[in-house]
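I want to go through the chain contacts and then a few strands.

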Protein chains: 4
Amino acid sequence: MITDRERAVFEAGIKLGALYHQWVGTPVSRETAEMIEHAIEESVSLQPFVTGITVHLDRSMMDPNPFGYSEVKGAMFSVGIETRVGDVRCRAALEFDGRYPLMKVMECD
Amino acid sequence: MITDRERAVFEAGIKLGALYHQWVGTPVSRETAEMIEHAIEESVSLQPFVTGITVHLDRSMMDPNPFGYSEVKGAMFSVGIETRVGDVRCRAALEFDGRYPLMKVMECD
Amino acid sequence: MITDRERAVFEAGIKLGALYHQWVGTPVSRETAEMIEHAIEESVSLQPFVTGITVHLDRSMMDPNPFGYSEVKGAMFSVGIETRVGDVRCRAALEFDGRYPLMKVMECD
Amino acid sequence: MITDRERAVFEAGIKLGALYHQWVGTPVSRETAEMIEHAIEESVSLQPFVTGITVHLDRSMMDPNPFGYSEVKGAMFSVGIETRVGDVRCRAALEFDGRYPLMKVMECD
């Protein structure tokens with residue numbers, strides 16, 4: 001027996017794992033960061049059970065390479081996601097903790 | 001309050017979403033499919049809370065393109081994963097249901 | 001001895017190979033396709049030697065899955081790219097030829 | 001008029017750009033690095049016009065994260081590729097130059 005709460009948590013995990021591995025490596029700069037954040041938000045919002053998502057990329061990590069741009073790295077991500085299954089909503093996050101881009105469940109209600 | 005069971009389910013979701021988006025697009029053929037399956041298994045096994053994983057790619061979907069190979073597609077995946085957090089183990093799966101590569105929690109104990 | 005013309009062609013190849021494998025798998029729908037096209041164009045434009053790029057995704061291939069969206073597939077791409085090294089400009093393209101997403105050099109001048 | 005030499009160079013660029021963006025982000029450790037190198041070599045070898053490829057991942061950059069593994073990063077790559085179109089063979093490389101994972105044509109004959 002899997003509860004709605006467990007499914008909501010599972011769906012949040014899927015989306016965080018997916019976006020991380022889909023978007024890492026994308027060329028980005030401080031000028032295009034907002035556009036990429038928006039593209040990730042819009043893409044993830046298409047997926048089932050997602051009721052909210054905010055994506056922020058840390059500009060301070062976008063040191064330009066010799067050609068003047070950077071790449072999306074896991075440590076840049078600050079993501080909050082909300083999923084809903086049945087009546088249960090869960091919030092989860094992807095945040096760099098100084099050493100690792102950590103994904104965690106924040107709360108369900 | 002997030003339970004071990006919820007965390008185990010969350011971690012399983014992360015891994016399934018991650019592997020899907022990491023590996024889709026990889027050139028593959030019937031001859032190299034086993035090697036790719038093994039590479040995915042070994043890579044996912046490095047990640048935290050994973051206690052077991054089996055990956056199968058459907059060879060019947062690997063129609064060779066004019067150059068004699070194919071690409072990993074979401075529909076090819078048949079994946080079983082087991083995660084463990086504290087004393088709780090959960091099993092989840094990624095299976096093509098005829099229309100969609102569906103990820104689902106199978107059971108926890 | 002590598003000529004500017006050869007380098008321009010090489011750089012065009014890099015960008016086409018890169019964008020294909022970066023973006024395949026991204027969730028997309030007819031509503032978000034233009035935004036994704038724009039995101040790819042802006043991202044590739046950051047890379048060295050790129051002087052022009054147009055990306056079109058074939059909406060007719062975006063059959064909605066049971067959850068109402070699709071994914072970027074190689075066959076959807078129609079891309080034109082222009083690179084410049086020294087005084088030489090080259091144009092290359094990625095187009096689905098009915099069986100394969102073909103990349104080819106169009107012309108240099 | 002595109003020469004065989006230009007096409008061989010173009011094809012080498014495609015493969016280097018493709019492999020970079022396909023494999024960046026893959027979980028890896030010093031123990032699994034050789035398996036991943038081999039998987040990349042086998043996958044790229046399936047693609048048209050490739051007559052040789054060697055992939056090396058710099059183990060010294062694989063600092064373990066708190067969970068004991070690392071991820072494939074662009075800077076880790078040391079790749080040599082040979083393509084052939086008609087009678088022309090070209091060699092190209094992807095090497096970290098200290099600041100940037102540089103792709104370059106080495107020679108054609």
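Predicted model: local features only at pLDDT ≥ 70, side-chain atom pairs only at ≥ 80, totals over all residues.

Residues are numbered from 1 along each chain as its sequence is written, chains are lettered from A and ligands numbered from 1 in the order in which they are written, and side-chain values use heavy atoms, with hydrogens and water left out.

**Entry: the A/B interface.** I looked up the contacts (heavy atoms within 4.5 Å) and found 24 residues of chain A touching 24 of chain B. About 1800 Å² is buried between the two chains, 67% of it on carbon and sulfur atoms; buried area here is the accessible area (1.4 Å probe) that two parts lose on being put together, summed over both. On the chain A side, Glu6(A), Phe10(A) and His21(A) lose the most area to chain B, together 33% of what that side buries.

I then checked salt bridges (a side-chain nitrogen of Lys or Arg within 4 Å of a carboxyl oxygen of Asp or Glu), and the rule finds 2 across this interface. Glu6(A) pairs with Arg5(B) in a salt bridge, N to O at 2.6 Å.

Which elements of chain A each supply at least two residues of the side that touches chain B? They are α1 (4-23) and β6 (101-108), with helices (H or I, at least four residues) and strands (E, at least two) being DSSP runs numbered from the N terminus. The largest share, 13 residues, comes from α1(A).

**Entry: strands in chain B.** Strands pair if DSSP finds at least two bridges between them. I see β4 (77-85) and β5 (88-96) of chain B running antiparallel, joined by 8 bridges, with Val79(B) partnered by Leu94(B). Their hairpin has 2 residues between the strands, and Gly86(B) in the turn has a positive phi of about 60 degrees.

β5(B) also pairs with β6(B) (101-108), antiparallel over 7 bridges, and Phe96(B) stands opposite Pro101(B). That hairpin has 4 residues between the strands, and Gly98(B) takes a positive phi near 105 degrees.
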